[in-house]
Amino acid sequence: MPPALALTLVAGGSYAQREQAIAKLCEADAASASASPSAAASACIAVVLEGLPAGDLLLQSSGRLLIHRIAPGCFCCIGNLTMKVTLNRLLRQPLTHLYLAVASSAHLDNIQLTLAQPPYDNWFAPASLLKLDA
């Protein structure tokens, strides 16, 4: 099993606020990865954003950044299957960090519970949480 993957849950705020917050965090990840040349060569960050953008996209997929945008809908209620399929596909990649952005913080406990159960319990380090104001 690979080492535990860093996981950050970003919740609340608008789609643009979540994307902007993750863009800043990705910049910090990239800066720390570039300090270690061997890590920088294999560093790959994945971002799963719930919701639909209303304007310009801050984040674009590249060789080291995988972006998945998922239609609005609670990941633990109506989007559980979509979230799991997306995660399963992403976990086939050599990732260093996963950002999971959800519109509402109402069901974060359920999402964290899903991620703490098999098979995800073997993949992720304990999640860090960033809650944004609406």
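Visitor: How do you know that S2 and S4 pair, and is the sense parallel or antiparallel?

Guide: In this predicted model, S2 and S4 are joined over 5 bridges in the parallel sense; since pairing requires at least two bridges between two strands, the two count as a pair. One of the places to look is Val48, whose bridge partner in S4 is Leu100.

Visitor: Which strands of the open sheet are called edge strands, and what makes them so?

Guide: The sheet is open and has 5 strands in the order S3-S2-S4-S1-S5, with parallel pairing. Its edge strands are S3 and strand S5, residues 128-132, each of which pairs on one side only. Neighbouring strands of this sheet are turned against each other by 15° on average, direction ignored. Strands of a sheet pair through backbone hydrogen bonds.

Visitor: Where do the strands stand among the elements of the protein, from the N terminus on?

Guide: The protein has 4 helices and 5 strands, and from the N terminus on these elements follow the pattern β-α-α-β-β-α-β-α-β. Contacts between residues 24 or more positions apart make up 70% of the contacts with a separation of 6 or more.

Visitor: What makes S4 mostly covered?

Guide: Of the 6 residues in S4, 6 are buried, and buried means under 20% relative accessible area. Both faces of the strand are covered, with His97, Tyr99 and Ala101 buried on one side and Leu98, Leu100 and Val102 buried on the other. For the protein as a whole, 40% of its 134 residues count as buried.

Visitor: How do you know that the buried residues of H3 are on the same side?

Guide: The buried residues in H3 are Met83, Thr86, Leu87 and Leu90. Around the helix axis they cover an arc of only 100°, which means that they are on the same side of H3. An α-helix has 3.6 residues a turn, so residues three or four places apart point the same way. On the other side of H3, Leu81 and Arg89 are exposed. The cover over the buried residues of H3 includes S2, S3, S4 and H4, and H3 itself lies across S2, S3 and S4, running at about 165° to S3.

Visitor: Why are the buried residues of H4 said to be on the same side?

Guide: In H4, the buried residues are Leu108, Ile111, Thr114 and Leu115. They cover an arc of only 120° around the axis, and therefore they are on the same side of H4. Among what covers these buried residues are S1, H3, S4 and S5.

Visitor: What makes the largest nonpolar core, and which residues have the most contacts inside it?

Guide: A nonpolar core joins buried residues of nonpolar kinds through side-chain atoms within 4.5 Å, and the largest such set here has 24 residues, with Phe75, Leu98, Leu100, Ile111, Leu115 and Phe124 having the most contacts inside it. At least two residues of this core come from each of S1, S2, S3, H3, S4 and H4. Apart from this core lies another, of 13 residues, including Val10, Val47, Leu65 and Ala101. As for Phe75, leaving aside residues up to four places away in sequence, its contacts include Val48, Ile70, Met83, Leu100 and Ile111.

Visitor: How do you know that the peptide bond that joins Pro118 and Pro119 is cis or trans?

Guide: Omega is about 0° for the bond between Pro118 and Pro119, and this peptide bond is cis. Most peptide bonds are trans. Pro119 has its place in the loop between H4 and S5.

Methods. Residues are numbered from 1 along each chain as its sequence is written. This is a predicted model: local features need pLDDT of at least 70, side-chain atom pairs count only at pLDDT 80 or more; totals for chains, interfaces and linings use all residues. Side-chain values use heavy atoms; hydrogens and water are left out. Buried means under 20% relative accessible area, exposed over 50%, partly exposed in between (1.4 Å probe, protein chains only). Contact means heavy atoms within 4.5 Å. Axes are lines fitted to C-alpha atoms, for helices over the stretch in contact, and angles run from 0 to 180 degrees between N-to-C directions. The arc is that of the directions from the helix axis to the C-beta atoms.
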